[in-house]
Amino acid sequence: MEFSPELRPGVISGDVTVSFRLWRRPRVKAGGRYAVGPTQIEVDSVELMPFGAISRADVRRSGEVDHEALRRRAAHAGPIADDTMLFRVEFHVRSGAD
């Protein structure tokens with residue numbers, strides 16, 4: 001999975017654990033492992049949901065300060081209204097012992 005340069009440190013440290021993607025179909029799968037810089041993440045779940053249903057907690061877990069910041073970041077792939085369906089990707093950093 002690709003992350004914006006300003007989000008990568010949060011992903012690598014484990015502070016960012018959710019990402020929202022405007023994809024036509026999933027590009028990752030639960031259980032999949034993906035390199036992010038010097039570390040690896042493992043996807044825990046992938047689900048489709050409307051933008052308007054994203055919780056404040058998930059906004060914070062995505063590394064954004066508010067819903068509008070998340071909307072702006074995800075909108076690079078197209079406009080996002082409250083009923084726009086996004087993929088919610090939850091993941092964790094794999095430890096060396098995994």
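1. Let me start with a pair worth a look: Glu90 and Arg61 meet through their side chains in a salt bridge, 2.9 Å from N to O (a salt bridge being a side-chain nitrogen of Lys or Arg within 4 Å of a carboxyl oxygen of Asp or Glu). This pair links distant parts of the chain, with Glu90 in strand E4 and Arg61 in helix H2, 29 residues apart. Helices (H or I, at least four residues) and strands (E, at least two) are DSSP runs, numbered from the N terminus.

2. A word on the basis: this is a predicted model, in which local features need pLDDT of at least 70 and side-chain atom pairs count only at pLDDT 80 or more, while totals for chains, interfaces and linings use all residues. Residues are numbered from 1 along each chain as its sequence is written, and side-chain values use heavy atoms, with hydrogens and water left out.

3. How exposed are the two partners? Glu90 has a relative accessible area of 21% and is partly exposed; Arg61, at 26%, counts as partly exposed. The cut-offs are under 20% relative accessible area for buried, over 50% for exposed, and partly exposed in between (1.4 Å probe, protein chains only).

4. Arg88 and Asp58 form another salt bridge, at 2.6 Å from N to O. Here strand E4 (residues 85-93) holds Arg88 and helix H2 (residues 56-61) holds Asp58, 30 residues apart. Both Arg88 and Asp58 are buried, with Arg88 at 7% relative accessibility.

5. Glu90 also meets Arg88 in a salt bridge, 3.0 Å from N to O. Through shared partners, salt bridges join Glu47, Asp58, Arg61, Arg88 and Glu90 into one network. The structure holds eleven salt bridges.

6. Now to the largest pocket, with a volume of about 360 Å³. Of its 21 lining residues, Glu2, Ser19, Phe20, Arg21 and His76 are the closest to its centre. On a 1 Å grid over the protein atoms alone, a pocket is an open set of points where a 1.4 Å probe fits, with protein on both sides within 12 Å along at least five of seven lines, and lining residues have an atom within 4 Å of a point. Grid points are joined across faces, edges and corners, and the volume is the space filled by probe spheres set on them.

7. Which elements supply at least two residues each of that lining? They are strand E1 (18-21) and helix H3 (67-74), and E1 gives the largest share, four residues. By class, the lining has twelve nonpolar, four polar and five charged residues (nonpolar: Ala, Val, Leu, Ile, Met, Phe, Trp, Tyr, Cys and Pro; charged: Asp, Glu, Lys and Arg; polar: the others, Gly among them).
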